[in-house]
Amino acid sequence: MTAGTGPETAPKTGPAPRTGPAPGAGPAPGPVPAPGARADAVPVPGGHPAPDGDVAGARGDGGSRGAIRVLLADDEALVRAGVRAILAADPGIEVVAEAADGRAAVEAARAHRPDVALLDIRMPGLDGLAACEELARVAPETAVAMLTTFSEDAYVARALGGGATGFLLKSGDPYELLAGVRAVAGGGAFLSPAVARYVITRLGGERLARGAAARARTDALTPREREVLALVGAGLSNAEIGRRLHLVEGTVKGYVSAVLDRLGVGNRVQAAIVAHEAGLVAEPDPGTA
């Protein structure tokens, strides 16, 4: 994640000269609590105050400068603990808030403005699907990835339409969880390999017919647009696509927008499905999935 480029306070370099405070300067700020933080929010074990000058919950730096800030929502405390432990293994990822239901997740997203929200699909009250749709309205800067199991197949289509850009299996490889968080935080899409195959075979209807239709749609793209679409289908972020194709990130964004428009899809996950159906993305080796 790239830190913001707006004006910043100069870093502290030691005790100030004893010549009096700078004109208009106030007392040095101490740690500031997250704006709008809920008193009943689920605490994050090992949480720590933000460094001086940082606001806990502010998008970008947070408690760990440059870390990807994650909101974790699942009604099962053991699942949250397991996912939190996996994420903690990556120093570039920080869990800044947790929630046990969808409504608390939406409120935590408002307060902490995380880069990524990991949402369980089945939660009491407001479920993960409704929370995903609500986050698209109130926190569009937060990327949403669903924590799923195969028993939740009936909900995949709704989550796609609701704006989720990642699907991660609770029982999957821990590497997939870390890679998925990084992909969606970077503006990409990520489907666990098993979920990707499921989406294509089960939600695709008649696979051959959909494959032919997808190829007809992608045939209308330019060669470069097909290259970009294939890499979107592989789950790469704009920055990763730029490095792969030797393009600046702004140019990649333009290509992605054009591809979404020409395919008539609303987000990168839907475009990724078209890419898979059209055969633009190599299927993973079953022995390594």
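Modeller: The account below takes the contact of helix α8 with helix α10 as its part, and then turns to the surroundings and the chain as a whole.

This is a predicted model, in which local features need pLDDT of at least 70 and side-chain atom pairs count only at pLDDT 80 or more, whereas totals for chains, interfaces and linings use all residues. Residues are numbered from 1 along each chain as its sequence is written, and side-chain values use heavy atoms, with hydrogens and water left out.

The chain has eleven helices and six strands; these are DSSP runs numbered from the N terminus, with helices being H or I of at least four residues and strands being E of at least two. Two packed helices are described by the angle between their axes and the distance between the axes. Helix α8 covers residues 223-233 and helix α10 covers residues 249-263; their axes lie 10 Å apart, at an angle of about 95°. Axes are lines fitted to C-alpha atoms, for helices over the stretch in contact, and angles run from 0 to 180 degrees between N-to-C directions. The pair α8 and α10 is therefore roughly perpendicular (65 to 115 degrees; under 35 is roughly parallel, over 145 roughly antiparallel, and the rest oblique).

On the side of α8, the residues that meet α10 are Arg224, Glu225, Val228, Leu229 and Val232. Their partners in α10 are Tyr255, Val256, Ala258, Val259, Arg262 and Leu263, where contact means heavy atoms within 4.5 Å. By class, this contact of α8 with α10 has eight nonpolar residues, three charged ones and no polar ones. Ala, Val, Leu, Ile, Met, Phe, Trp, Tyr, Cys and Pro count as nonpolar, Asp, Glu, Lys and Arg as charged, and the others, Gly among them, as polar.

Val281 is found in the segment after α11 (268-277). With 12% relative accessibility, Val281 counts as buried (under 20% relative accessible area; exposed is over 50% and partly exposed lies in between, with a 1.4 Å probe and protein chains only). Apart from neighbours within four places in sequence, Val281 is in contact with Ala230, Gly233, Ala234, Ala275 and His276.

The loop between α9 (238-245) and α10 contains His246. At 71% relative accessibility, His246 counts as exposed. Although His246 is not a glycine, its phi is positive, at about 60°. Most residues other than glycine have a negative phi. Arg113 likewise is a residue other than glycine with a positive phi, near 50°, and its place is in the loop between α2 (102-112) and β3 (116-120).

Helix α7 (residues 207-219) holds Ala212, which is partly exposed at 41% relative accessibility. Ala212 and Ala278 lie 66 residues apart in sequence, and their C-alpha atoms are 7.1 Å apart in space.

The contact of α1 with α5 has seven nonpolar residues, no polar and no charged ones.

For the whole chain, 45% of the 289 residues are buried. Among contacts with a separation of 6 or more, 64% join residues 24 or more positions apart. The pLDDT, the predictor's confidence in each residue from 0 to 100, averages 77 over the chain, and 70% of the residues score at least 70. Residues 1-64 have a pLDDT below 50, and this stretch has 68 contacts in the model beyond near neighbours in sequence. The pLDDT is also below 50 over residues 285-289, a stretch with two such contacts.
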